[in-house]
Amino acid sequence: MPDANTTQPAESVNPAPVTNAAPLENPSPSMGTETESGSGAPASTAGDSTEQAASNNWAVFWVVLLVAVFVILWRTGKIDAIKKYLNETRDQLRKATWPTRDELKQHIVVVLLSSVLLAAFTVAADFVVREIIWGALLNGDTVLFDKTQ
C-alpha cells in the first residue's frame with residue numbers, strides 16, 4: 001500500500017475528466033492542470049485565492065479610508081457646514097418662482113430662434129471676411145473674385 005506522503009507522477013494521480021463537450025485543441029495551462037506538487041488541484045486555485053485576498057485587502061482599505069475621512073470631516077465641523085448649505089439651498093429653491101409650461105415653451109422658441117439667427121450671422125460674417133481676405137487681398141480664387149477667367 002503506498003504511503004500517503006509519497007507523490008506519484010501527475011499522469012497517474014488524476015486522469016483527465018470526461019465531459020460531453022468537444023475537446024479543446026490547445027487547452028490553456030490554467031484550465032484543469034495540476035499544480036507542481038501533483039495534488040490534483042487546479043493551478044488557478046492558488047492564484048485565485050491570492051487575487052481574492054488582495055481584492056479583500058483593497059476593499060478593507062477603501063472602507064477604512066472613507067471612515068477616516070468621515071471622522072475628520074465630523075471633527076472639523078465640515079459635516080454640519082454641508083448640512084447647513086444643503087438646507088439653505090433647498091429653502092432658496094422652494095422660494096424660487098418656476099415657469100409654467102406655456103412660459104417654458106415660449107422661452108424655448110426664443111432661444112431656438114436666437115440660436116438660428118446667431119448661426120446665420122456667423123456664416124455670413126465668415127463668408128464676407130473670407131472673400132475680402134482671400135479674394136481681394138491675397139488674390140485667391142473665391143466666389144466673388146474668380147481668378148480662373
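Is Asp126 buried, partly exposed or exposed? With a relative accessible area of 47%, Asp126 is partly exposed. The model in which this residue sits is a predicted one.

## Confidence of the model

For the protein chain the mean pLDDT is 78, and 66% of the residues reach 70 or more. The pLDDT falls below 50 over residues 31–37, a stretch that has 14 contacts in the model beyond near neighbours in sequence.

## Fold and exposure

The protein chain contains 4 helices and 0 strands. Read from the N terminus, its elements follow the order α-α-α-α. Of the contacts with a separation of 6 or more, 11% are between residues 24 or more positions apart.

The protein chain has 149 residues, and 5% of them are buried. Its accessible surface is about 13500 Å², with carbon and sulfur atoms contributing 65% of that area.

## Aromatic pairs in helix H2

The count of aromatic pairs is 3. One of them joins Trp58 and Phe61 in an edge-to-face arrangement, with 5.5 Å from centre to centre and 85° between the planes. Both residues belong to helix H2 (residues 44–76), where they are 3 residues apart, about one turn of the helix. Trp58 is exposed because its relative accessibility of 53% is over 50%. Phe61 has a relative accessible area of 41%, so it counts as partly exposed. Ring pairs also bring in Trp62, giving a cluster of Trp58, Phe61 and Trp62.

Phe70 and Trp74 are 4 residues apart in helix H2, so about one helical turn separates them. Phe70 is partly exposed at 46% relative accessibility, whereas Trp74, with a relative accessible area of 54%, is exposed.

How many salt bridges does the structure hold? The number is 1. It is formed by the side chains of Asp126 and Arg130, with an N to O distance of 3.9 Å. That distance qualifies because the cut-off is 4 Å.

Both partners lie in helix H4, 4 residues apart, or about one turn of the helix. Arg130 is partly exposed, with a relative accessible area of 35%. Asp126 is partly exposed too, at 47%.

## A nonpolar surface patch

Which residues form the nonpolar patch on the surface? They are Phe127, Val128, Val129, Ile132, Ile133, Trp134, Leu137, Leu138, Val143, Leu144 and Phe145. Together these residues have about 1100 Å² of accessible area.

Leu144, one of the patch residues, is located in the segment after helix H4 (101–137). With a relative accessible area of 59%, Leu144 is exposed. This value meets the area condition for patch membership, because that condition is over 30% relative accessible area.

Definitions and conventions:
Residues numbered from 1 in each chain as written. Predicted model: local features only at pLDDT ≥ 70, side-chain atom pairs only at ≥ 80, totals over all residues. Heavy atoms only, no water. Patch = residues over 30% accessible without salt bridge, like charges linked within 9 Å, V, L, I, M, F, W, Y side chains within 5 Å. Areas by Shrake-Rupley, 256 points an atom, 1.4 Å probe, with all protein chains shown as cover. Helix = DSSP H or I, 4+ residues; strand = E, 2+ residues; numbered from the N terminus. Buried < 20%, exposed > 50% of the residue type's maximum accessible area, 1.4 Å probe, protein only. Phe/Tyr/Trp six-rings, centres within 6.5 Å; stacked < 30°, edge-to-face > 60°. pLDDT = per-residue confidence, 0-100. Contact = heavy atoms within 4.5 Å.
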